[in-house]
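Me: I would like to learn how to read a model like this one, feature by feature. Could you take me through it?

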Amino acid sequence: MDLDVFVTAHRAEWDRLEELLRRRRRLSGAEADELVALYQRTSTHLSLVQSSAPDPALTGRLTSLVARARSAVTGTRRSTWGDIGRFFAVGFPAAVYRARHWWIPTALLSTLVAAVIGWWIGTHPEVQSAIAAPEQLREMTRPGGQYETYYSSHPAASFAAQVWTNNAQAAAICLIFGAFLGIPVLWVLFQNMLNIGIGIGLMTSAGRLDTFLGLILPHGLLELTAVFVAAGTGLRLGWTVVDPGPRSRRTALAEEGRAAIGMALGLAAVLFVSGVIEGFVTPSGLPTWARITIGVVAELAFLAYVYVLGARAVRAGESGDVEAADRSAELPTAA
């Protein structure tokens with residue numbers, strides 16, 4: 001494409017579009033129709049320039065024109081409480097449900113890894129001695145030791161806030177850095193499973209596995225599910241880089257990335273609930289069965305939320321992406 005000829009042929013249209021966008025008074029009906037038509041043509045021009053003769057200056061001008069024209073054509077939309085309600089009732093559960101083929105295998109494999117690590121440490125004294133000195137291990141695993149006092153070492157409210165912050169950061173790392181082919185996600189998962197496996201192994205060797213499970217299950221079921229959902233979504237985002245499917249890689253990453261950002265907000269709320277349980281229920285004086293029951297109920301409630309509301313939303317065509325009005329305009333693709 002001869003860029004000079006192209007610019008000469010269409011400059012008048014761009015100048016006219018810019019003139020309409022600068023108008024301070026309300027446009028007439030004919031002018032509004034003209035604005036829409038020029039916006040559509042300029043979008044096509046931008047696509048042609050980007051694909052055939054990318055010129056930084058011209059691309060910058062047309063990009064700005066298209067963005068301003070889109071804003072003028074579609075108008076601005078303010079978020080409302082209704083948007084938040086719709087997100088938690090439709091968007092978030094749909095996104096989690098759609099990602100189930102990633103996070104469920106992630107959960108199963110990760111749990112298996114933690115169990116294997118726990119068995120290995122629990123049945124090999126030499127491995128235990130490499131972790132810490134015998135007196136330190138006894139201090140950690142004895143009744144009233146570090147594993148038990150950890151959950152009551154700080155005031156419940158501040159402990160819950162600290163736990164929520166740490167877990168939200170781990171989930172965010174899985175979601176944000178999933179685009180790096182999922183490698184950071186695998187590292188975060190391994191670190192979490194290693195810590196759990198060490199606890200299982202050491203407490204098993206001390207004959208106190210039941211105490212350990214009574215401490216970790218009340219909050220851990222929901223907490224780990226949130227981490228597995230984040231990890232599975234991050235891995236799916238990483239796979240999108242490798243195989244975007246029928247979509248262009250840019251479009252696929254934009255769609256999956258927006259869903260991942262929304263997932264981060266939803267999982268923050270889920271992790272807040274698990275943090276409250278860890279701060280107030282886990283160290284409480286309730287019987288072990290009561291504490292575990294609370295954790296199981298919270299976990300089942302979340303799964304029902306995903307599989308009932310999420311499945312219904314997906315059947316209705318919801319993908320977990322943001323509203324169409326909030327997405328960037330899709331430019332026509334040049335043939």
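Predicted model: local features only at pLDDT ≥ 70, side-chain atom pairs only at ≥ 80, totals over all residues.

Me: How many helices and strands does the chain have?
Reply: Helices (H or I, at least four residues) and strands (E, at least two) are DSSP runs, numbered from the N terminus. Here the chain has 13 helices and zero strands.

Me: Which residues does UniProt list under "transmembrane region"?
Reply: UniProt positions are given in the numbering used here, with shortened feature names, and annotations may be inferred rather than shown by experiment. The unreviewed entry lists residues 102-121, 168-189, 259-277 and 289-309. In the model, residues 259-277 are 100% helix and 0% strand, with end C-alpha atoms 27 Å apart. Residues 289-309 are 100% helix and 0% strand, with 29 Å between the end C-alpha atoms.

Me: How are H11 and H12 oriented to each other?
Reply: Axes are lines fitted to C-alpha atoms, for helices over the stretch in contact, and angles run from 0 to 180 degrees between N-to-C directions. Angles under 35 degrees count as roughly parallel, over 145 as roughly antiparallel, 65 to 115 as roughly perpendicular and the rest as oblique. The axes of H11 and H12 (residues 249-281) come within 9 Å and cross at roughly 170°, and the two helices are therefore roughly antiparallel. Their contact residues divide into 17 nonpolar, five polar and five charged. In this scheme Ala, Val, Leu, Ile, Met, Phe, Trp, Tyr, Cys and Pro count as nonpolar, Asp, Glu, Lys and Arg as charged, and the others, Gly among them, as polar.

Me: What volume does the largest pocket have, and which residues lie nearest its centre?
Reply: On a 1 Å grid over the protein atoms alone, a pocket is an open set of points with protein on both sides within 12 Å along at least five of seven lines, and lining residues have an atom within 4 Å of a point. Grid points are joined across faces, edges and corners, and a volume is the space filled by probe spheres set on the points. The largest pocket has a volume of about 650 Å³. Of its 22 lining residues, Tyr-150, Asn-192, Asn-195, Glu-223 and Glu-278 lie nearest the centre. Two or more lining residues come from each of H9 (156-176), H10 (183-205) and H11 (209-242). By class, the lining has eleven nonpolar, nine polar and two charged residues.

Me: Is Glu-223 buried or exposed?
Reply: Buried means under 20% relative accessible area, exposed over 50%, and partly exposed in between (1.4 Å probe, protein chains only). Glu-223 lies in H11 and, at 13% relative accessibility, counts as buried. Its C-alpha is 5.5 Å from that of Ser-274, 51 residues apart in sequence. Val-270, in H12, is buried at 9%, and its C-alpha lies 7.7 Å from that of Glu-223. Across the chain, 40% of the 335 residues count as buried.

Me: Which class does Val-308 fall into?
Reply: Val-308, in H13 (residues 288-315), is partly exposed, with a relative accessible area of 44%.

Technical notes
Residues numbered from 1 in each chain as written. Heavy atoms only, no water. 1 Å grid on protein atoms, 1.4 Å probe; cavity = no way out; pocket = protein on both sides within 12 Å on 5 of 7 lines; lining within 4 Å.
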